[in-house]
Amino acid sequence: MERLTIKEALKEDYIGQKITVCGWIRTRRESKGFVFIVLSDGSAQETMQLVISGVLSAKNYIHRCNTGAAIKATGVLRESPAKGQQYEMDVSDIEVFGESDQDLYPLQKKGHTFEFLREIGHLRARTNTFGAIFRIRNILADSVHQFFRERGFVWVHTPIITSGDCEGAGELFTVTSLDFSNLPRSGDASVDFSRDFFGRKTYLTVSGQLEAEFLAMSLGKVYTFGPTFRAENSNTTRHLSEFWMVEPEMAFADLSDDMKLAEDFIRFLCARVLEGGENELAFLEAHYKRISREEIRRLAETEFIHIPYTDAIRELQNAPVIFEFPVSWGSDLQSEHEKYLTDEVMKGPVIVTDYPKELKAFYMRMNDDGKTVAAMDVLAPRIGEIIGGSQREERLSVLKDRMREMRIPMESLQWYLDLRRFGSAPHAGFGLGFERLVQYLTGMVNIRDVIPCPRAPGNI
RNA sequence: UCCCGGGUAGCUCAGUCGGCAGAGCAGGUGGCUGUUAACCACCCUGUCGGGGGUUCGAAUCCCUCCCCGGGAGCCA
């Protein structure tokens, strides 16, 4: 089908030329001599105004051109004589591919609530807000690969089905092919997973980190970018049951290398989204006023503030505000504490480092003080934690001690310990919740609005 | 999972003390010579979330379940 996308067509080059565009009708306005149609095809934030006048408007098919209908329009592109758009098409021919019953089509010209749009997930991408979000999501996903490719990282594909029941990252979804109406039982009446598909109990992955570690310990610098699953019963604006995570892992790197990578990464993504998503960001900024291009530009240019956990606690204890949860060394930072640090004190992202070992996973490297580990969390304003990372414990005996302390079963992780037995080396990495980043940069309030098909408890 | 707030027309919401089910928008029809969430007139629209109870009478009061939103926890 010979046609231009609206993104391609809205250029000076085509003025005076006869072109064809396809798309879905956003709105139609009629007056006696004219019909105005706003057409969108998803290629850009901009829409094409179609002007139908005179003889053509009398043709009966124009009545089939309702909100939501898919059409092909051919005509001459010209500068618009009216305010509101730079160019418009003087339509000479229209073909209707698919009509849209106005009594049933749920999208109106007027704005809808996000709650309502979530109920019609298959149609919400046709709105200008969701079009903008999903195009920005694409720019960011593309930029993730670009960033790591430019720095010599290997994109590795870690498994989605795992046997790992000891990664300590929350509740897991069980994967099984057992017949639920006839479950095999062991002697004690529990389900006998040795007769399941893989011969043992399996789960959807909660993180590709452990696998990324063995790949980093052979390929040097690697990253994963793929779906991740948590069966936590979390009902918040910043959790999903299925989300995408970016997890770089570097051999011969320590915590400061890790932090530098995380910072460079976020700054790079900000710069790229400003470049490629200018119109989308401008639209979201104008409509929702949650984040500005100026703020993203600042983010792309400024160094993040680093603060050790111990200093952060002191800062919070001296804060001239009353927190609901008390602040004390050894307790985790609550949402309100994180928000105070990012929104009030630093007015931007903050990297908190060196948390008490009790608050963090078994694989994080023990610091010399014996009390804290080489961990770092990147906290973003409004959203909270978007990155969690650490230098990994490379010393076999220290790691084994930690696993015993935290009652991590060692049998199934012998391969992980092997990495410390054979050519162990300092290494570090982090995990970034991709949707949280999209959420932060688009200013969306609810994380369910930055992924096409959000998965959440009781909601599929 | 816990704590709040909600569920009334396709959408957003009002509905007083328990007494006839409402508005704006959308949609339909007509009008209007350039509209921008167009405008003007008329018309159409209901399992008041489900079930049970109190009452002469329930959208309204009580019980219960479901769903949605916000916050918290868990985390990315």
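Biologist: What makes the pair Lys 360 and Asp 377 a polar contact?

Modeller: In this predicted model, a distance of 3.0 Å joins the side chains of Lys 360 and Asp 377. The cut-off for a pair of N or O atoms is within 3.5 Å, one able to donate a hydrogen and the other to accept it. The value of 3.0 Å for Lys 360 and Asp 377 meets that limit, so the pair is called a polar contact.

Biologist: Why is Lys 360 called buried?

Modeller: Its relative accessibility is 14%, and buried means under 20%. Lys 360 therefore counts as buried. The residue lies in the loop between β13 (350-353) and β14 (375-380).

Biologist: Which residues is Lys 360 in contact with, leaving aside its neighbours within four places in sequence?

Modeller: They are Tyr 355, Val 373, Ala 375, Asp 377, Arg 402 and Met 406.

Biologist: How do you know that Arg 392 is buried?

Modeller: Arg 392 has 2% relative accessibility. The limit for buried is under 20%, so Arg 392 is placed in that class. Arg 392 is found in the loop between β15 (384-391) and α12 (396-405).

Biologist: What lies 3.3 Å from a polar atom of the side chain of Arg 392?

Modeller: The backbone oxygen of Gly 429. Not counting residues up to four places away in sequence, Arg 392 also touches others, among them Glu 213, Glu 249, Tyr 363 and Arg 420.

Biologist: Arg 420 belongs to helix α13 (residues 414-421). Which residues of α13 are buried?

Modeller: Tyr 416, Leu 417, Leu 419 and Arg 420.

Biologist: What follows α13?

Modeller: Gly 423 follows α13, and its phi is positive, near 70°.

Biologist: Which residues are buried in helix α10 (residues 309-317)?

Modeller: Tyr 309, Ala 312, Ile 313 and Leu 316.

Biologist: What makes you place them on the same side of α10?

Modeller: The arc they cover is only 100° around the axis, so they are on the same side of α10. An α-helix has 3.6 residues a turn, so residues three or four places apart point the same way. The cover over the buried residues of α10 includes β12 (305-308), α11 (335-346) and β13.

Biologist: Why is Phe 304 called buried?

Modeller: Phe 304 has a relative accessible area of 7%. Buried means under 20%, so Phe 304 is called buried. Its place is in the loop between α9 (293-301) and β12. Leaving aside its neighbours within four places in sequence, the residues in contact with Phe 304 include Glu 263, Ile 266, Leu 299 and Val 378.

Biologist: How do you know that Lys 289 is exposed?

Modeller: The relative accessible area of Lys 289 is 67%. Exposed means over 50%, so Lys 289 counts as exposed. Lys 289 lies in the loop between α8 (278-288) and α9.

Biologist: What is phi of Lys 289 near?

Modeller: Phi of Lys 289 is near 50°, a positive value in a residue other than glycine. Arg 382 also has a positive phi, near 70°, and is likewise a residue other than glycine.

Biologist: Why is Arg 382 called partly exposed?

Modeller: The relative accessible area of Arg 382 is 26%. Arg 382 lies in the loop between β14 and β15.

Biologist: What makes Ser 177 partly exposed?

Modeller: Ser 177 has a relative accessible area of 49%. Exposed would need a value over 50%, so Ser 177 is called partly exposed. The place of Ser 177 is in the loop between β8 (174-175) and β9 (202-204). Not counting residues up to four places away in sequence, Ser 177 touches Asp 196 and Phe 197.

Biologist: How many helices and strands does the secondary structure of chain A come to?

Modeller: Chain A comes to 14 helices and 16 strands. Of its 460 residues, 52% count as buried.

Key:
Residues numbered from 1 in each chain as written. Chains lettered and ligands numbered in written order. Predicted model: local features only at pLDDT ≥ 70, side-chain atom pairs only at ≥ 80, totals over all residues. Heavy atoms only, no water. Buried < 20%, exposed > 50% of the residue type's maximum accessible area, 1.4 Å probe, protein only. Helix = DSSP H or I, 4+ residues; strand = E, 2+ residues; numbered from the N terminus. Contact = heavy atoms within 4.5 Å. Arc of directions from axis to C-beta.
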